[in-house]
Amino acid sequence: MTPTAPLPDIDILVREALTSVFGADATVMTLIPDDWAARLDLVVARRVPGAGAIDPRGLDAAIVDIQSLSADRATASTLCRRAVAGLYDACTRQFASPAAGGYLSHFSSVGGGPAELRIGLPAPDASTFRFQATVRLTARPTPVPTP
């Protein structure tokens, strides 16, 4: 009997996929750091509660929150829209990560395009702009070789 492969780490998959999209254009992280203002332009993407393993033997679904922060409103909006498009493309080409133990396999939007956030933490001010989008991704584990 072939052993069941563990489900991939969605946060690592998303972070690596977005890092390949942005390169030096933005810092990509899983959580907003305490020194976020020193790291602009910043894209933060992480798995949030909801969805879940469709089949723990090989298919995981995740709701992913994407937030972009910049000192310029147009840049913050563009970063978030690029992140959404980048994750769509990563799913289309089945972006894989050995560190995550799997690959992205399907994309769907949740709630439409990015929206500007003017509440929450970090607190909004006149010099920082933040956009948020939510997507649903599915991922599969890297196949386990049969002995």
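Colleague: How do β4 and β5 pair, and over how many bridges?
Modeller: This is a predicted model. In it, β4 and β5 are antiparallel, with 2 bridges between them.

Colleague: What sits between β4 and β5?
Modeller: The two strands form a hairpin, with 4 residues between them. G101 is in the turn and has a positive phi of about 80°.

Colleague: And how do β5 and β6 pair?
Modeller: β5 and β6 are antiparallel too, over 11 bridges. If you want a landmark, V110 stands opposite T134 in β6.

Colleague: In what order do the strands sit in the sheet?
Modeller: The order is β1-β2-β3-β6-β5-β4. That makes 6 strands in an open sheet with mixed pairing. β1 and β4 are the edge strands, each pairing on one side only; β4 covers residues 96–97.

Colleague: What about β2 and β3, which sense do they pair in?
Modeller: Antiparallel, over 11 bridges. V44 has Q67 of β3 as its bridge partner.

Colleague: Which strands does α1 lie across?
Modeller: α1 lies across β1, β2, β3, β4, β5 and β6. Its direction is at about 140° to β2.

Colleague: Which does α2 lie across?
Modeller: α2 lies across β2, β3, β5 and β6. Relative to β6, α2 runs at about 10°.

Colleague: Now the core. Which residues in the largest nonpolar core touch the most other members?
Modeller: L18, V43, V64, I66, L87, L104 and L137, out of 32 residues in that core. In soluble globular proteins, nonpolar side chains tend to be buried together.

Colleague: Which element gives the most to this core?
Modeller: α2, with 8 residues. The elements giving two or more residues are α1, β2, β3, α2, β5 and β6.

Colleague: Take L104. What does it touch?
Modeller: Leaving out residues up to four places away in sequence, L104 touches L13, A17, A90, C91, Q94, F95, L137, T138 and A139.

Colleague: Is S68 buried or exposed?
Modeller: S68 is buried, because its relative accessible area is 0% and the cut-off is under 20%. S68 lies in strand β3.

Colleague: How far is S68 from G112 in space?
Modeller: They are 16 Å apart, C-alpha to C-alpha, and 44 residues apart in sequence.

Colleague: Switching to charges. How many salt bridges does the count come to?
Modeller: The count comes to 4. Side chains of opposite charge can pair when their charged atoms come close.

Colleague: Where do R82 and D25 sit in the chain?
Modeller: R82 is in helix α2 (residues 73–92), and D25 is in the loop between α1 (10–22) and β1 (27–29). The two are 57 residues apart, so the pair links distant parts of the chain. Their side chains meet in a salt bridge at 3.3 Å, N to O. R82 is partly exposed at 28% relative accessibility, and D25 is partly exposed at 47%.

Colleague: What is the N to O distance for D60 and R47?
Modeller: 2.8 Å, in a salt bridge between the side chains. D60 belongs to strand β3 (residues 59–70) and R47 to strand β2 (residues 42–55), 13 residues apart. D60 is buried, with a relative accessible area of 5%, whereas R47 counts as partly exposed at 27%.

Colleague: And D35 with R39, what distance there?
Modeller: That salt bridge is 2.8 Å, N to O. D35 is partly exposed at 37%, and R39 is partly exposed at 31%.

Colleague: Last one. How many aromatic pairs are there?
Modeller: The count comes to 1 aromatic pair. Y88 and F107 form it, edge-to-face, 5.5 Å centre to centre with 85° between the planes. Y88 is in helix α2 and F107 in strand β5, 19 residues apart.

Colleague: Is F107 buried or exposed?
Modeller: F107 counts as buried at 15% relative accessibility. Y88 is partly exposed at 44%.

Notes:
Residues numbered from 1 in each chain as written. Predicted model: local features only at pLDDT ≥ 70, side-chain atom pairs only at ≥ 80, totals over all residues. Heavy atoms only, no water. Buried < 20%, exposed > 50% of the residue type's maximum accessible area, 1.4 Å probe, protein only. Core = buried A, V, L, I, M, F, W, Y, C linked by side-chain atoms within 4.5 Å. Contact = heavy atoms within 4.5 Å. Pairing = 2+ DSSP bridges. Axes fitted to C-alpha atoms, helices over the stretch in contact; angles between N-to-C directions. Phe/Tyr/Trp six-rings, centres within 6.5 Å; stacked < 30°, edge-to-face > 60°.
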